[in-house]
Amino acid sequence: MIIKQVIDTLEELAPLYYAEDFDNVGLLVGNANNEVSGILVTLDTLENVVEEAISKKCNLIVSFHPIIFGGLKKITGSNYVQRVVIEAIKHDIAIYSMHTALDNSNKGVNAKICEVLGLQNPSILIPKAGTIRKLTTYVPKENAHALKTALFHAGAGNIGNYSNCSFTVDGTGSYQANAGANPYIGKIGETHYEDESQISITYGRANEQKILKALFKNHPYEEVAYELQTLENKNQNIGMGMVGNLEKSMGEEEFFEFLKEKMNVSRIRHSDFLGKKIKKVALLGGSGSFAISAAIAANADVFVTSDLKYHQFYEAEGKILLADIGHYETEQFTKNLLVDYLTKKIPNFAVSLSESKTNPIKYF
């Protein structure tokens, strides 16, 4: 197995286009065509993690956080980022980062927290825009059914829990085949009019190449007329954060004790108690201050996240309980998620969970 095959497997879970524009995801160090000797999964790629990879003979590190975030103008070993890159290159170790691509996956970071907390009927807190595309094409009526079937098979036409979704309008198309053309119907030099169907079908960006391949393979015309659009519709299955319900309501202090136990935390920074029961829980792994208003709009009783600043606690405005449990703490189960996923997808290959400690924050 080569590194590219592992990457393809990871991107089935979290395609890179899920990532936020500011992020730096994907293969950051190494050659995708190298054969894989072993995979080490970690939250952060630090020097001790590279040393662990060397000792375990793993030449691919799958990391949640990107070790290279901004541009590197020099690599002299003057800081930990440069030293990690130097050591990885020296030992021919590739580093692949998932970060916000996995944050936005409905089977990613936040889904794992929902699982740990036992939340029921979880859904996306902030659905992502710009991930839904629409294909419009024109085909002879007699070929419309076969073409739609091929497009559905390639992954087009899925909306929520519905599949094989499309819209068809019948009309008349015209064209004139010029010298050198090989028309499916009609004659060279004559304008031809054909009863055609206009097919409109939506799809996720990850499937675009497969869908276009199916379009060109199954469309009878020599020149295929088609249009592609990015829709502003938000994707209910992709996005930041999740919201779900506890199996039973809890008092605020009872919920915090439950949260401490499930998330392995010793302390919680929080806004004022509101004196009400906790049933609906919004959560966002990592830095989630930008989602406070979304959690309030979702009528959540509590919002569990991290990295809230002093003034951001005021944004609760007596409408929600804010719980900051720590950045590492919200993302700690991510590497377990990835190990489980890769082990199921590549059952005959060695996938190791990093034992290196990478949380930079200590508590006294």
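Trainee: Quick one on Y310: buried or exposed?
Mentor: Exposed, because Y310 has 58% relative accessibility in this predicted model, and the cut-off for exposed is over 50%.

Trainee: And Y314, buried or exposed?
Mentor: Y314 is exposed too, with a relative accessible area of 53%.

Trainee: Let me back up to the overall picture. How many helices and strands does the chain have?
Mentor: There are eleven helices and 15 strands. The C-alpha trace spans about 85 × 55 × 40 Å along its principal axes.

Trainee: What share of the residues counts as buried?
Mentor: Of the 364 residues in the chain, 50% do.

Trainee: And what about sequence separation in the contacts?
Mentor: Take the contacts between residues at least 6 apart in sequence: 72% of them join residues at least 24 apart.

Trainee: OK, cores. Which residues touch the most other members in the largest nonpolar one?
Mentor: That core has 31 residues, and the ones touching the most other members are I39, L60, L102 and L342. At least two core residues come from each of α1 (3-13), β2 (39-42), β3 (60-63), β4 (94-97), α4 (99-103) and α11 (334-345).

Trainee: What does I39 contact, skipping its neighbours within four places in sequence?
Mentor: I39 is in contact with V6, C58, L60, V62, L342, F349, A350, V351 and S352. There's also another core lying apart from the largest one, with 26 residues that include C114, M263, L283 and V302.

Trainee: Switching to helix packing. At roughly what angle do α5 and α8 cross?
Mentor: Roughly 115 degrees, with the axes of α5 (residues 109-117) and α8 (residues 252-263) coming within 10 Å. The crossing is right-handed.

Trainee: Which residues make that contact?
Mentor: From α5 you have I113, V116 and L117, and from α8 there are F258, L259, K262 and M263. Those residues split into six nonpolar, no polar and one charged.

Trainee: Now rings. How many aromatic pairs does the count come to?
Mentor: Nine, counting rings with centres within 6.5 Å as a pair. One of them is F255 with F258: the centres are 6.2 Å apart and the planes are at 40 degrees, so the pair is tilted.

Trainee: Where do those two sit?
Mentor: Both F255 and F258 are in helix α8, three residues apart, which is about one turn of the helix.

Trainee: Why does F258 count as buried?
Mentor: Because its relative accessibility is 15%, and buried means under 20%. F255 is buried as well, with a relative accessible area of 0%.

Trainee: So what kind of pair do Y310 and Y314 make?
Mentor: Their ring centres are 5.8 Å apart and the planes are at 90 degrees, so Y310 and Y314 are edge-to-face.

Trainee: Which rings get linked into a cluster?
Mentor: F255, F256, F258 and F273 are linked by ring pairs.

Trainee: Last topic, G189. Where is it?
Mentor: G189 is in the loop between β7 (167-176) and β8 (191-204). G189 is partly exposed, with a relative accessible area of 46%.

Trainee: What does G189 contact, leaving aside its neighbours within four places in sequence?
Mentor: G189 is in contact with Q176 and A177.

Trainee: And how far apart are G189 and G275?
Mentor: They're 86 residues apart in sequence and 80 Å apart in space, C-alpha to C-alpha.

Technical notes. Residues are numbered from 1 along each chain as its sequence is written. This is a predicted model: local features need pLDDT of at least 70, side-chain atom pairs count only at pLDDT 80 or more; totals for chains, interfaces and linings use all residues. Side-chain values use heavy atoms; hydrogens and water are left out. Axes are lines fitted to C-alpha atoms, for helices over the stretch in contact, and angles run from 0 to 180 degrees between N-to-C directions. Helices (H or I, at least four residues) and strands (E, at least two) are DSSP runs, numbered from the N terminus. A crossing is left-handed if the near helix is turned anticlockwise from the far one by less than a right angle, and right-handed if clockwise. Contact means heavy atoms within 4.5 Å. Ala, Val, Leu, Ile, Met, Phe, Trp, Tyr, Cys and Pro count as nonpolar, Asp, Glu, Lys and Arg as charged, and the others, Gly among them, as polar. A nonpolar core is a set of buried Ala, Val, Leu, Ile, Met, Phe, Trp, Tyr and Cys residues joined through side-chain atoms within 4.5 Å. Buried means under 20% relative accessible area, exposed over 50%, partly exposed in between (1.4 Å probe, protein chains only). Rings of Phe, Tyr and Trp (its six-membered ring) pair if their centres lie within 6.5 Å; planes under 30 degrees apart count as stacked, over 60 as edge-to-face and the rest as tilted.
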